[in-house]
Amino acid sequence: MNANQFLKAVSQLQGWREFTFLMALAERSFPNYALFADAVGLKTGAKMRQLLDLGWEMLQKDVSEAAIPQLLAKLESLSPDVNAYDAYGVYPAFDFCQLLEQALLNRLNPGKHRATDASQMATATVMNFVELSEGEDLEEDELVRLLDQHPLMKEDKVFQRDLILALKRQRTPTSQFVERIHGDAANDGVSNLGISLSD
C-alpha cells in the first residue's frame with residue numbers, strides 16, 4: 001500500500017471502522033499521557049485509562065448519546081494545559097487527548113470524517129519528537145532523510161497501514177477482532193514514541 005492508497009483508504013473509513021481506527025491511534029499514544037502525568041505529579045493517569053477503556057467498550061455496546069458530552073467534559077478536565085508546563089512531554093500528552101476527543105466526537109457526530117486528520121496528528125507527534133530529539137542542527141535535506149529512515153516513523157507507518165488493512169478485511173466488530181486491535185494498539189505499553197509504561 002503506497003502513500004496515496006493509504007490516504008485514500010483512511011479517507012474512506014466510516015462507521016465502526018473509523019471509530020476503531022481513532023481508538024487505536026489514541027491507545028497507541030496513551031503511554032505518552034500516562035508517563036507525562038506521572039512525571040509532573042498529576043494523579044490523572046488511572047482516570048484517563050478508564051475513559052479510554054469506556055471508548056473501547058462502545059464498540060461492543062451502545063452508549064447513549066447523552067453520555068458522550070459528559071465523557072468529553074471529563075476528558076477536557078483531565079487534559080493538560082500546554083502553556084502550564086515547560087516540559088516537552090506535555091505536547092505528546094495533549095496529542096493523545098486530542099485523539100481520544102476525535103474518537104468520542106465521532107460517536108456524537110459519525111457523519112463528520114475525522115480519521116484523516118487524526119492519522120496525520122498521530123504521525124506529527126512522532127515527527128516532532130524525532131525532530132526535537134535528533135534533528136536539532138540538521139539541514140533541511142538531512143532532516144527529511146532522518147524522518148524518512150527513522151525506526152519510529154517506520155513503525156508508525158506500519159502500525160497505521162496494518163490497522164487500515166485489518167479494518168478493511170473485517171466485516172463486523174466482533175469481540176475477538178476488537179480485542180486483537182486493542183492489543184496490537186496497546187503494544188505492550190510502548191507508545192508511538194517508543195516510550196514504555198514499564199520504564
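Predicted model: local features only at pLDDT ≥ 70, side-chain atom pairs only at ≥ 80, totals over all residues.
**The nonpolar cores**

- The largest nonpolar core has 48 residues, and Phe 21, Tyr 33, Met 48, Phe 96 and Leu 100 are the ones that touch the most other members.
- Eight helices each supply at least two residues of this core: H1 (3-11), H2 (15-39), H3 (45-57), H4 (67-78), H5 (90-108), H6 (115-134), H8 (151-169) and H9 (175-186).
- H2 provides the largest share of this core, with 13 residues.
- A further core of 8 residues lies apart from the largest one, and its members include Val 126, Leu 152, Met 153 and Leu 193.
- As background, nonpolar side chains in soluble globular proteins tend to be buried together.

**Helix H4, a helix with a buried face**

- H4 has 12 residues, which at 1.5 Å a residue should span 16 Å; the C-alpha atoms at its ends are 17 Å apart, which agrees.
- Which residues of H4 are buried? They are Ala 67, Ile 68, Leu 71, Leu 72, Leu 75 and Leu 78.
- Looking down the axis of H4, you would find these buried residues within an arc of 140 degrees, so they line one face of the helix.
- On the face of H4 turned away from the buried side are the exposed residues Gln 70, Glu 76 and Ser 77.
- The buried residues of H4 pack against H2, H3 and H5.

**Leu 75, a residue of H4**

- Leu 75 belongs to helix H4, and its relative accessible area of 2% makes Leu 75 buried, because the cut-off for buried is under 20%.
- Not counting residues up to four places away in sequence, Leu 75 touches Met 48, Leu 51, Cys 97, Leu 100, Glu 101 and Leu 104.
- Leu 51 is 24 residues from Leu 75 in sequence, with 7.6 Å between their C-alpha atoms in space.

- The 19 residues of H8 should span 27 Å at 1.5 Å a residue, and its end C-alpha atoms are 27 Å apart, which agrees.
- The buried residues of H8 are Leu 152, Met 153, Asp 156, Phe 159, Gln 160, Arg 161, Leu 163, Ile 164, Ala 166 and Leu 167.
- These buried residues of H8 pack against H1, H2, H6, H7 and H9.
- The largest pocket has a volume of about 380 Å³.
- Its lining is made of 15 residues, and Phe 6, Thr 123, Asp 156, Lys 157 and Arg 161 lie nearest the centre.
- Two or more lining residues come from each of H1, H6, H7 (140-149) and H8, and H8 gives the most, with 6 residues.

**The cavity**

- How many cavities of 30 Å³ or more are there? The count comes to 1.
- The largest cavity has a volume of about 40 Å³.
- Its lining consists of Arg 28, Val 126, Leu 152, Glu 155, Asp 156, Phe 159, Ser 191 and Asn 192.
- H8 supplies the largest share of this lining, 4 residues.

- Ser 29 is part of helix H2 and counts as buried at 2% relative accessibility.
- Setting aside residues up to four places away in sequence, Ser 29 touches Phe 96, Leu 99 and Asn 192.
- Pro 80 and Leu 42 are 38 residues apart in sequence, while in space their C-alpha atoms are 9.2 Å apart.

Note on methods:
Residues numbered from 1 in each chain as written. Heavy atoms only, no water. Core = buried A, V, L, I, M, F, W, Y, C linked by side-chain atoms within 4.5 Å. Buried < 20%, exposed > 50% of the residue type's maximum accessible area, 1.4 Å probe, protein only. Expected span 1.5 Å × (residues − 1). Arc of directions from axis to C-beta. Contact = heavy atoms within 4.5 Å. 1 Å grid on protein atoms, 1.4 Å probe; cavity = no way out; pocket = protein on both sides within 12 Å on 5 of 7 lines; lining within 4 Å. Points joined across faces, edges and corners; volume = space filled by probe spheres on them.
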